[in-house]
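The sequence and structure come first.

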Amino acid sequence: MRCFIAIELPDEVRGRLVRVQERLAGLGRAVRWTKAAQAHLTVKFLGEVPDDRIALVCEAARRIAGRHPPFELTVQGLGCFPPRGPVRVLWAGVEPLPPALIDCRRECEQTFVEMGYEREHRPFAPHLTLGRVTDLRASTPIREALRAAEPFSAGTFTVHELIVFESVLAPSGPRHTPLARAALRT
């Protein structure tokens, strides 16, 4: 199974993400928009997990979550990857970056690398993917549209759990199914 550890978003935040996608809809077919129901904040991407290791992954996520208190997360700001050159991904940001999220991410990375999963070599850049670019020639209008849509805020919410998701890739887009919910320390 293709799996990752993530934070799920409340409906109000998802609704605001949909509204900013609607504001950016003038970009037309240059962007394939992420479905709001699939929006999440990835903490650790694991990749392929053998069926016989799913329970171990879920238990590790529960142990990690149990050592971290709930924390506030604010979704605001818009941007794209990469910051220069042809745009590939449009995103909403997380600002300011909560130290509790960084600590939780660091422990996830350490634990799952020790379990044999690949280390992430890029710096942690928490974001919510709004869309993926299908026409790299549209980079200039995309950057202009993102600037015009600022300031953007989808609000603040309290994170109470990490979720182990299975991700199934399909022609209509990925489908994410929760496998386990891991409550943060109360």
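Is Phe 112 buried or exposed? Phe 112 has 0% relative accessibility, so Phe 112 counts as buried; the term means under 20% relative accessible area, with exposed over 50% and partly exposed in between (1.4 Å probe, protein chains only).

## Basis

This is a predicted model, in which local features need pLDDT of at least 70 and side-chain atom pairs count only at pLDDT 80 or more, while totals for chains, interfaces and linings use all residues. Residues are numbered from 1 along each chain as its sequence is written, and side-chain values use heavy atoms, with hydrogens and water left out.

## Aromatic pairs

Rings of Phe, Tyr and Trp (its six-membered ring) pair if their centres lie within 6.5 Å; planes under 30 degrees apart count as stacked, over 60 as edge-to-face and the rest as tilted. The count by this rule is three aromatic pairs. One of them is stacked: Phe 4 and Phe 165, at 5.2 Å centre to centre with 20 degrees between the planes. Phe 4 and Phe 165 are both buried.

Phe 112 and Tyr 117 have ring centres 6.3 Å apart and planes at 75 degrees, so this pair is edge-to-face. Tyr 117 counts as buried, at 8% relative accessibility.

## Cysteines

Zero disulfides (pairs of cysteine sulfur atoms within 2.5 Å) are found in a search of the whole structure. Cys 108 is in no disulfide, and the nearest cysteine sulfur, that of Cys 104, lies 4.7 Å away.

Cys 108 is buried, with a relative accessible area of 1%. Cys 80 is also buried, with a value of 11%.
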